[in-house]
Amino acid sequence: PYRVVVSDVLDKKGSWRHVIKGADALIHFSAVNPYPNATWQESAESMSHTFNVFLEAKAQRVPRIILASSNHVCGGYKDDFEHGLIKPSDPPRCGTLLLDKNNLAKSGDAVAYAAAKLAGERLALALSDSITSFIVLRVGWCQPFENLPTTICAAGVPEIFQTKTDTNVVNTASDDTWFKQMWLSNADFLALFSAALSIPLPPNDNFFALINAMSRNSGARWSLTETAELLNVMPQSDAATYA
């Protein structure tokens, strides 16, 4: 059984605080605009979402907090083909610059969006201690509903959430490949987050982990070694198997 509580986490004294009380774990997905065309105002408010929730959960001694971060924190590696596999330990390169200007106009550069996610990652690291552990998953590309790789748009944003322009979408192969190779299927999404909720954590230790969360896509440039080592789960889906 579960219940839905509608509350504004921008309000530090909102009713959402009571939901956290006694929780064994918390997963934080919230963002004002969860897409790369987020404005800096939306980014700032998304940061407040994360800060408010983390600080309240920490005050209430929630033992495990999981943050859904984003691939866009390392989107700057997109066209750096000399770089090897993108690992969680690589320096952040916030934002994802699309080569197709029409798509860029529709999706934005993701810098503001990624900045909010990076801020959440760093706060998680700062707050981790013997009471509260943090696991951060940099999520690849998910779409609402059925979430098939065949419907991934090179703009990087589902059509209903794109910024309206007067131009037509012109698919650029590099952009399209980038998003398809970091697809995260619904099945792998559930497997990874379920494992993050259930894996044993070291007792009385300052535990913080940062991992990539993508499906096992052919040709992908994201390292899943750290993911499998931490969660004891290897993603199974492959975008290349879909026509």
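The expected span of a helix is 1.5 Å times one less than its number of residues. The model shown in these views is predicted.

**Figure 1. Helix α4, residues 111-127, from end to end.** Helix α4 has 17 residues. From its first C-alpha to its last, α4 reaches 24 Å, close to the 24 Å expected at 1.5 Å a residue.

Figure 2. Twelve of the 17 residues of α4 are buried, so the helix is largely enclosed by the rest of the structure. Among the buried residues are A112, Y113, A114, A115 and A116. Further along α4, the buried residues include K117, A119, G120, E121, L123, A124 and L127.

**Figure 3. The largest cavity, lined in part by α4.** Two cavities of 30 Å³ or more are present in the structure. The largest cavity has a volume of about 60 Å³. Its lining is made of S30, A31, S46, T50, L67, Y113, A116, K117 and G120. Two elements, α2 and α4, each give two or more residues to this lining. The largest share, four residues, comes from α4. By class, the lining of the largest cavity has four nonpolar residues, four polar residues and one charged residue. Y113, A116, K117 and G120 of this lining are also on the list of buried residues of α4.

**Figure 4. The largest pocket.** The space in the largest pocket comes to about 400 Å³. The pocket is lined by 20 residues, and those closest to its centre are P34, Y113, V139, G140 and C142. The elements β2, α4 and α6 (186-198) each give two or more residues to the lining. Strand β2 gives the most, with three residues. Sorted by class, 13 of the lining residues are nonpolar, six are polar and one is charged.

Figure 5. Helix α1 (16-20) and strand β1 (26-28) are the elements that give two or more residues to the lining. The classes in this lining are twelve nonpolar, three polar and one charged.

**Figure 6. The cysteines C74 and C94.** Zero disulfides are found in a search of the whole structure. The cysteine sulfur closest to that of C74 belongs to C94, and it lies 7.8 Å away, too far for a bond. A disulfide needs the two sulfur atoms within 2.5 Å. C94 is likewise in no disulfide, with the sulfur of C74 as its nearest cysteine sulfur. The two residues are listed with their accessibility: C74 is buried, with a relative accessible area of 0%, whereas C94 counts as partly exposed at 30%.

**Figure 7. F145 in a loop.** The loop that holds F145 runs between β3 and α5 (173-180). F145 has a relative accessible area of 75%, so it is exposed. In sequence, F145 and A195 are 50 residues apart. In space, the C-alpha atoms of F145 and A195 are 22 Å apart.

Technical notes:
Residues are numbered from 1 along each chain as its sequence is written. This is a predicted model: local features need pLDDT of at least 70, side-chain atom pairs count only at pLDDT 80 or more; totals for chains, interfaces and linings use all residues. Side-chain values use heavy atoms; hydrogens and water are left out. Buried means under 20% relative accessible area, exposed over 50%, partly exposed in between (1.4 Å probe, protein chains only). On a 1 Å grid over the protein atoms alone, a cavity is a set of points where a 1.4 Å probe fits but cannot get out, and a pocket is an open set with protein on both sides within 12 Å along at least five of seven lines; lining residues have an atom within 4 Å of a point. Grid points are joined across faces, edges and corners, and a volume is the space filled by probe spheres set on the points. Ala, Val, Leu, Ile, Met, Phe, Trp, Tyr, Cys and Pro count as nonpolar, Asp, Glu, Lys and Arg as charged, and the others, Gly among them, as polar.
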